[in-house]
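Welcome! Take a look at it first, and then read on.

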Amino acid sequence: MSKKCNEKCNILCEAKNCVYHSTDSKCTASSIKVGSKNACSCSDTCCDTFKMRENETGTF
């Protein structure tokens, strides 16, 4: 069964420079994708949904 993350998922996120990062350290993306398909350990994975947040001057 598949569900969208905005339907009660509780994904914690520490990537404060991501547009989907909320002030309470949650991911607000409607769905997430985790890579890499060749991962053998936790350190081999990453959030492919990540998008850089721009600050008020247009850069982070």
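Threonine 49 counts as buried, with a relative accessibility of 16%. Please keep in mind that this is a predicted model. From this threonine we move on to the largest pocket and then to the cysteines.

**Where threonine 49 sits**
- You will find threonine 49 in the segment that follows strand S2 (46-47).
- Leaving aside residues up to four places away in sequence, threonine 49 touches Tyr20, Ala29, Ser31, Ile32 and Lys33.

**The largest pocket**
- The volume of the largest pocket is about 160 Å³.
- This pocket is lined by 13 residues, and those closest to its centre are Cys13, Ala15, Cys27, Cys47 and Phe50.
- Sorted by class, the lining of the largest pocket comprises 12 nonpolar residues, 1 polar residue and no charged residues.

**The cysteines**
- How many disulfides does a search of the whole structure find? The search finds 0 disulfides.
- Cysteine 13 is in no disulfide, and the nearest cysteine sulfur, which belongs to cysteine 18, is 5.6 Å away.
- Cysteine 13 is also buried, at a relative accessible area of 14%.
- For cysteine 46, the closest cysteine sulfur is that of cysteine 47, and the two sulfurs are too far apart for a bond because they are 7.5 Å from each other, whereas a disulfide needs sulfur atoms within 2.5 Å.
- Cysteine 46 is partly exposed, with a relative accessible area of 41%.

Note on methods:
Residues are numbered from 1 along each chain as its sequence is written. This is a predicted model: local features need pLDDT of at least 70, side-chain atom pairs count only at pLDDT 80 or more; totals for chains, interfaces and linings use all residues. Side-chain values use heavy atoms; hydrogens and water are left out. On a 1 Å grid over the protein atoms alone, a cavity is a set of points where a 1.4 Å probe fits but cannot get out, and a pocket is an open set with protein on both sides within 12 Å along at least five of seven lines; lining residues have an atom within 4 Å of a point. Grid points are joined across faces, edges and corners, and a volume is the space filled by probe spheres set on the points. Ala, Val, Leu, Ile, Met, Phe, Trp, Tyr, Cys and Pro count as nonpolar, Asp, Glu, Lys and Arg as charged, and the others, Gly among them, as polar. Buried means under 20% relative accessible area, exposed over 50%, partly exposed in between (1.4 Å probe, protein chains only). Helices (H or I, at least four residues) and strands (E, at least two) are DSSP runs, numbered from the N terminus. Contact means heavy atoms within 4.5 Å.
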